[in-house]
Amino acid sequence: MTFRWEVGLSQKVCKESSLWWKKTVVYQIYPRSFYDSNKDGIGDLPGIINKLDYLNDLGVETLWISPFFAGPGKDFGYDVTDYFNVSKDYGNLEDCFKLIREVHRRKMKIVFDLVLNHTSDQHPWFLESKSSKDNSKRDYYVWRKGKKNDGQTPPNNWKSMVGGSGWHYDKSTNEWYWSQFLPFQPDLNYRNPEVREKMLGVLRFWLDQGVDGFRLDIINALFEDESLRDNPFSFKYLPSEDHPAQFFQEAKYSLNQEETLSFMKDVRSLVDGYRKPERFTVGEVMYAGMDTLKGFTGDDNSGLHLVFLFQSLDLPLRCKEVAGLLRQYEKTFKEPNIPTLVFGNHDRFRRASKLGKKDNIAKAKLNALLQLTARGVPFIYQGEEVGMLNHHLPYYSSHDPFAKKYKLVPQFIFDLLRRLYHFSVNRDECRTPMQWDDEVHGGFCSKSVKPWLPLSKEHKIRNVKVQEKDPQSLLSNYKKLLKLRKFLPQLCEGREEIIENKDNKNILILKRYTDSEDAILIIFNFSEKFQILKIDPLYRSIFSTQKDISSNVFGPWEGKILVEKSSAFGIEKKMRLSLR
Ligand code: GLC
């Protein structure tokens, strides 16, 4: 029997804290690499439908699907030519509607990934816009005259997020267009009310089809300074998670503009107009500090529902750092806000590869415990549940357009960055196919075809089929935790206390509680040594990331969930039934 948690069930009043999207766990699917149903080596929408039972059984409730809309696919979906249609690589509209239906039939939710900032340069709007200065679509994009030398110098000094000037010269009209990402992804002009209306129309269309929310791509790049003031100098060459300055430049006038924040309010009120169920948005705000991030949710909570917090991507599994970050989240994202808990995605170095070779799986389990028990909305990237690693691939033969941009840089420089900072310019490495089994191509596609990216040898062990059979595997650990969230409301909507132990710097305790439920304790041993703790005799362990010896003995990198003895038996019984 599989136990399902009905969203909103038995709630007397729909309190702010009990909105379904605040309690959910999101699982990101990168369609190209999830499951290939039609033997072309590329994952597709019918492939996702095929695996819905797996996801349902895993226990995730919300699926975020990376873009599959029509487009040339140079950035694999992040370059759209038709927001109302599906790329042939991934299926057709009927498959898309079926996917929505099938997700809902399982009482799960589905979130689409919208690229509002830019279109493909092959979008009919851009083709028109480019055709002449007085075309009706000219003002759909950001065009400007160049400076000096007969307009042959870019309009200002702005650099794009991917490096180099973000201005691109168009010979036929002797003007430059702006693109925050790659040159084939021209930025839409959000100062044009017609553009804003058209893009809100995209949201409306998919909301009307029943989509439960949106992930909004590089949303902090929508507006640019109106008078195109030059960006000031910065000493920083590489951006950091909490600051966008890079390539010796602040992004003062090209990112995070006031007008973007105010447009987020329009997005919010449109989305909040849809009820039963409520819908939500989560914004990708690249390289931003806590205050900027918070700004996107609006001072009075009238902006985006959620923003990704990427600060956790490189979080060391150490008590001080984990406690510090969680405290920052608590301070900035108090109710009615809620933080997000993110450890990877289709752009970033896989978390399991950052945890070091030694005790890798034990640490990955502890990391999962943290992600699924701290206050916040967890986002799991496909494959994290089996510990998929970044697959080291030569970037010069990459498919990723970002890596292609740097193809003249010697490989050893990137290898160094990889080793020192766990940074890979080649995003193919974290996009290799999902590892379903230990067969050729990991069960991602038929043995007779070549997958679009090769799988690592690790797929022999780090795969669904092998780990499903092992109750101690990382996958089983995820499953148990995801089930527990359904029985312990404290984990999904409870308040949080972060407790450090003065006498033992390796131990962190999270206390989660609601007004009506007993407090539960989540205890982490962030060390490779055994730790023996004094535990309140009122409490008993009901979950461990390792083989539980006893409630007060913690093995290396072990984490446990403790509940009051009086309720432990009931929860364990429910768990046994649900995991059967
Ligand atoms: C976001 C996406 C990334 C894409 C870029 C341009 O960062 O996550 O994959 O290449 O935006 O759309």
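**Exercise 1.** Find what joins the side chains of R215 and D113.

*Solution.* Start with the pair itself: a polar contact of 2.9 Å links the side chain of R215 to that of D113. A polar contact is a pair of N or O atoms within 3.5 Å; within protein, one must be able to donate a hydrogen and the other to accept it, and residues adjacent in sequence count only if both atoms are side-chain atoms. Before going on, note that this is a predicted model, where local features need pLDDT of at least 70, side-chain atom pairs count only at pLDDT 80 or more, and totals for chains, interfaces and linings use all residues. Residues are numbered from 1 along each chain as its sequence is written, and side-chain values use heavy atoms, with hydrogens and water left out.

**Exercise 2.** Place R215 in the fold: is R215 buried or exposed?

*Solution.* Next, R215 has 0% relative accessibility, so it counts as buried (under 20% relative accessible area; exposed is over 50%, partly exposed in between; 1.4 Å probe, protein chains only). Finally, leaving aside neighbours within four places in sequence, its contacts (heavy atoms within 4.5 Å) include W64, Y78 and H346.

**Exercise 3.** Work out which residues of helix α5 are buried.

*Solution.* In α5 (residues 124-131), these are W125, F126 and S129. Down the axis of α5, its buried residues fall within an arc of 90° (from the directions of the helix axis to the C-beta atoms), so they line one face of the helix. They pack against β6 (143-144), β8 (175-178) and α7 (193-208).

Note on methods. Helices (H or I, at least four residues) and strands (E, at least two) are DSSP runs, numbered from the N terminus.
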